[in-house]
Amino acid sequence: MLRTASATATLVPSVPSVAFVAGELVHKARPGSVLLTGLRPDGNDGFVVSAHWPEGHECYATGRSALDPLLLTETVRQSFPLLCHSAYDVPLGHHLLWDTFGYELSPAALAPRHHSGAVELRVTCLESTRRGSRAAALTLLISVVQDGLLLAECRTRLTVQSPAVYQRLRAGRGTPEAVTALPAAPVASIAPSALARTRLRDIVLSPAVESGRWRLRVDTTHPVFFDHPLDHAPGLLLLEAARQAALMLPAGHSQSVTGLATSFTRYVELDAPCWIEVRPLDPDPEGRGRTVVSLWQNGVECCTATMRLARKAGPGGFAPVRAGGEVIPFPR
């Protein structure tokens, strides 16, 4: 669900002495949008993707706070094209389609602390399918580590399609030019204060039409969700909408999302309303709250996310943690 674009402008100030990878390798147009700094094999049939998180940002939560799941998700998402193009022989211009994505945040991620600076994504390939010489599908386990602390474990499955196959899948809607233009102004927003936000632009929900039901608010000028023109709503936007909807429930106001499991089944088009529905679930076996969020368009479910929520954590100390899994050998 991601497309390649060349670099054109800067989103945030560059970080002195930090060299980031080329934007085309992570499917970003603005150099300031790039979060990754490198990729290397780990010597054990896996990979280490290095990243650098900013001290301040106009969209991601930074400073002394819990780790912003939006920043985590975008960092992990950027690793997909970098791995595909640099290690799995996928040509530039091919499309990556997100099938599933999930993460589990650690106590170190939830506690208020400064998360800016160097980060490592330790990647294990759990399953690999190839079409000729290139990867056609990957299932990845990714441990996100900073200063020796495990912040999150993520698991995802993505498929890779050539431009010709992608155009067939999109049935004539595979380019931004083929999509009916959106209104100049996005639909109305809920009050940013309802989500403890200050910027209207970062709110992706419109006012509720009924209890537990909102309309997706799409702003194609947003510099993070629409870094470059797209022919569909990006997965990052859908995941943020699901998170904001979960936090809008009465029980969610004092909580934060600590984990999720998402399945993408259809594209969310830009020229039709998308509706977000939230339903609380019974707590998991450990007593943690759960919520399921579904996104619907034209009467069809396009995405579903089951989220785990917990009360916001206070400060504390944490021991380093390790994680791993069965490894598919390094492809080269």
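1. Ala-305 lies in strand E13, which covers residues 300-311. The model is a predicted one. With a relative accessible area of 1%, Ala-305 is buried, the cut-off for that word being under 20%.

2. The surroundings of Ala-305 come from several parts of the chain. Leaving aside residues up to four places away in sequence, Ala-305 touches Ala-242, Leu-260, Ala-261, Thr-262, Thr-291, Val-292 and Val-293. Ser-294 is eleven residues from Ala-305 along the chain, and the C-alpha atoms of the two are separated by 6.5 Å.

3. Helix H4 takes in residues 235-248. Of the 14 residues of H4, 14 are buried, so the helix is largely enclosed by the rest of the structure.

4. Helix H1 takes in residues 69-87. Its 19 residues should span 27 Å at 1.5 Å a residue; the end C-alpha atoms are 26 Å apart, which agrees. H1 is mostly covered, with 18 of its 19 residues buried.

5. At the start of H1, a side-chain oxygen of Asp-68 comes to within 2.9 Å of the backbone nitrogen of Leu-70. Just after H1, Asp-89 has a positive phi of about 60 degrees.

6. How do H1 and H4 pack, and at what angle? The angle is about 155 degrees, and the axes are 11 Å apart. Angles over 145 degrees count as roughly antiparallel, so H1 is roughly antiparallel to H4. The crossing of H1 past H4 is right-handed. On the H1 side the contact is made by Pro-69, Leu-70, Thr-73 and Glu-74, and on the H4 side by Leu-236, Leu-239, Glu-240 and Arg-243.

7. Arg-243 deserves a separate point. This residue is in helix H4. Is Arg-243 buried or exposed? Its relative accessible area is 11%, so Arg-243 is buried, given the cut-off of under 20%.

8. The side chains of Arg-243 and Asp-68 are joined by a polar contact of 3.2 Å. Asp-68 is also the residue whose side-chain oxygen reaches Leu-70 at the start of H1. Not counting residues up to four places away in sequence, Arg-243 touches Asp-68, Pro-69, Leu-70, Arg-197, Val-257 and Met-307. Pro-69 and Leu-70 are among the H1 residues that make the contact with H4.

Notes:
Residues are numbered from 1 along each chain as its sequence is written. This is a predicted model: local features need pLDDT of at least 70, side-chain atom pairs count only at pLDDT 80 or more; totals for chains, interfaces and linings use all residues. Side-chain values use heavy atoms; hydrogens and water are left out. Helices (H or I, at least four residues) and strands (E, at least two) are DSSP runs, numbered from the N terminus. The expected span of a helix is 1.5 Å times one less than its number of residues. Buried means under 20% relative accessible area, exposed over 50%, partly exposed in between (1.4 Å probe, protein chains only). A polar contact is a pair of N or O atoms within 3.5 Å; within protein, one must be able to donate a hydrogen and the other to accept it, and residues adjacent in sequence count only if both atoms are side-chain atoms. Axes are lines fitted to C-alpha atoms, for helices over the stretch in contact, and angles run from 0 to 180 degrees between N-to-C directions. Angles under 35 degrees count as roughly parallel, over 145 as roughly antiparallel, 65 to 115 as roughly perpendicular and the rest as oblique. A crossing is left-handed if the near helix is turned anticlockwise from the far one by less than a right angle, and right-handed if clockwise. Contact means heavy atoms within 4.5 Å.
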